[in-house]
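Work through the exercises below with the sequence and the model side by side, trying each task before reading its solution.

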Amino acid sequence: MNYVSTRGGTEKVSGAYAIKKGLCDNGGLFMPEYIPTISKEDIDTLCTYTYAQRAAYIMGLYLDEYKDILPALCEKAYSEERFGKDPAVLSKIYDNFSVMELWHGPTCAFKDMALQIMPLLLSNALKITGEKRDACVLVATSGDTGKAALEGYKDVDQIKISVFYPDGGVSKTQKLQMATQEGANVNVFAIKGNFDDAQSAVKSIFTDESLNEEISSNAFLSSANSINWGRLVPQIVYYVSAYCDLINKGSIKNGDYINVTVPTGNFGNIFAAYLAREMGLPIRNLVCASNTNNILTDFFKTGIYNRNRRFYQTISPSMDILISSNLERLLYLIEGPEATKQYMQDLSEKKMYRISGSAKKIIDNIFYAGWCDEAMTTKMINHAFHDFGYLCDTHTAVALRAARDYMRQSNDDAHMVVASTASAYKFSGSVYTAITGETCEDEFEAIKRLSEVTKTEIPKPILALFDKKPRFDKVIEASDMRSIVKEIALG
């Protein structure tokens with residue numbers, strides 16, 4: 001399986017090289033030359049597997065040079081010690097509606113599902129490609145990716161990791177998780193600006209030829225964001241796994257269609273679901289759920305992606321994004337590299353682009369887009385808890401609202417699977433207020449009160465924060481990121 005750029009060109013590389021490099025030389029994202037398929041018989045077999053075994057099989061279809069070592073890597077990444085007995089718990093809310101909880105890992109966010117296996121993929125990529133230099137991993141985060149990457153990469157040999165997050169643009173718990181991170185090879189910085197500023201700066205650093213030349217004798221740059229294929233391919237697994245679990249629970253039969261709703265900002269998680277659909281998993285429709293930063297909702301409705309708009313900081317901060325990087329991969333599969341390259345050029349120069357009518361028709365047959373504002377999100381948290389006894393975070397609430405709207409408007413009775421992307425305790429202040437109507441400014445007090453009110457246990461990774469002191473407190477300009485990265489790479 002070779003990998004090519006979403007923006008064309010002649011470069012073809014192996015999966016290990018794509019994971020090591022992260023971003024193509026021409027600024028595009030790596031994609032496999034073709035999408036492998038799974039059959040109905042394959043799904044029957046996967047139903048008998050554990051999550052780790054399912055992950056090894058699915059990822060092995062894309063990463064053939066890893067096939068022999070993937071079973072051991074997946075067993076290590078998705079161990080009971082790290083995720084409990086079931087890494088992707090499927091909770092049935094009512095007859096044809098389930099929530100897939102992807103936050104039972106070390107940092108209580110769905111990013112763990114990829115970022116516990118990705119460091120193993122990268123460290124082995126260095127061996128497979130004969131790389132002797134250090135990998136300098138750069139991460140722009142809107143909250144959850146940063147902590148999950150830090151936890152996954154801490155003290156991994158031959159790897160240095162630097163995380164950049166928007167100052168004031170993450171929850172207090174997310175900030176504390178990153179600021180208290182242990183590990184000799186980790187660095188964390190808050191930047192003045194929003195997530196898009198951090199992500200744009202990281203992409204600019206990747207394509208900075210002079211910087212890459214300056215550090216080339218000591219290190220090379222790589223990414224842990226979902227622009228890196230090694231972050232995205234593990235995400236395909238949990239949609240396949242959820243389908244198998246529904247069969248095993250008797251909720252559906254093999255061959256029945258399901259629908260999937262994903263709260264998304266950078267479009268990686270829902271694109272993974274799209275890839276599962278393209279592989280042959282019976283997914284009828286994908287519901288893209290957005291918060292007040294509803295640029296994706298507008299795109300799916302109009303075919304125009306326009307980031308010339310106000311940016312909002314919300315109570316679902318991991319979705320506070322106006323540049324959805326992985327949408328480029330969808331455009332590539334539908335429109336091809338030349339059109340995709342032009343769209344990305346338009347986005348850079350004009351901050352907007354319009355897709356073709358034929359592409360819009362294809363998208364309309366697959367995607368539904370919905371969004372909700374802060375008041376709707378709060379109301380949904382309250383409704384889910386008091387009416388269904390389900391405690392959800394602010395991002396999952398956005399998805400629940402979009403899923404409900406889709407089901408009401410479409411009369412589609414296929415089983416709905418909603419991706420739950422974080423523990424409610426990562427956003428305890430907002431969730432506590434939504435459930436009780438009371439405010440609590442102190443983050444630790446809000447965590448305690450939420451536990452008391454809901455009669456649920458505080459997750460151990462959150463509880464551990466009570467005794468930790470911050471290590472990282474620097475706030476920098478986005479323009480300073482280049483010099484900082486250079487210093488770390490050469491240090």
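**Exercise 1.** Which residues in helix 3 meet which residues in helix 4?

*Solution.* This is a predicted model, in which local features need pLDDT of at least 70 and side-chain atom pairs count only at pLDDT 80 or more, while totals for chains, interfaces and linings use all residues. Residues are numbered from 1 along each chain as its sequence is written, and side-chain values use heavy atoms, with hydrogens and water left out.

Begin with the partners: A52, Q53, A55, A56, M59 and G60 in helix 3 meet L70, P71, C74 and E75 in helix 4, where contact means heavy atoms within 4.5 Å, and helices (H or I, at least four residues) and strands (E, at least two) are DSSP runs, numbered from the N terminus. By class, these residues divide into 7 nonpolar, 2 polar and 1 charged, given that Ala, Val, Leu, Ile, Met, Phe, Trp, Tyr, Cys and Pro count as nonpolar, Asp, Glu, Lys and Arg as charged, and the others, Gly among them, as polar.

Next comes the geometry: helix 3 (residues 51-62) and helix 4 (residues 70-77) pack at an angle of about 135°, with axes 8 Å apart. Axes are lines fitted to C-alpha atoms, for helices over the stretch in contact, and angles run from 0 to 180 degrees between N-to-C directions. The two helices are therefore oblique to each other, since angles under 35 degrees count as roughly parallel, over 145 as roughly antiparallel, 65 to 115 as roughly perpendicular and the rest as oblique.

**Exercise 2.** How are helix 15 and helix 17 oriented to each other?

*Solution.* The axes of helix 15 (residues 327-335) and helix 17 (residues 357-364) cross at roughly 110° and come within 10 Å, so the pair is roughly perpendicular. In this pair, L330, I334 and E335 of helix 15 meet A359, I362 and I363 of helix 17.

**Exercise 3.** Is S98 buried or exposed?

*Solution.* First locate S98, which is in strand 5. Its relative accessibility is 2%, so S98 counts as buried (buried is under 20% relative accessible area, exposed over 50%, partly exposed in between, with a 1.4 Å probe and protein chains only). Beyond neighbours within four places in sequence, the contacts of S98 include L90, L246 and H415.

**Exercise 4.** Where does H104 lie?

*Solution.* H104 lies in the loop between strand 5 (97-101) and helix 6 (112-115), and at 27% relative accessibility it counts as partly exposed. Setting aside neighbours within four places in sequence, H104 is in contact with R82, F83 and V89.
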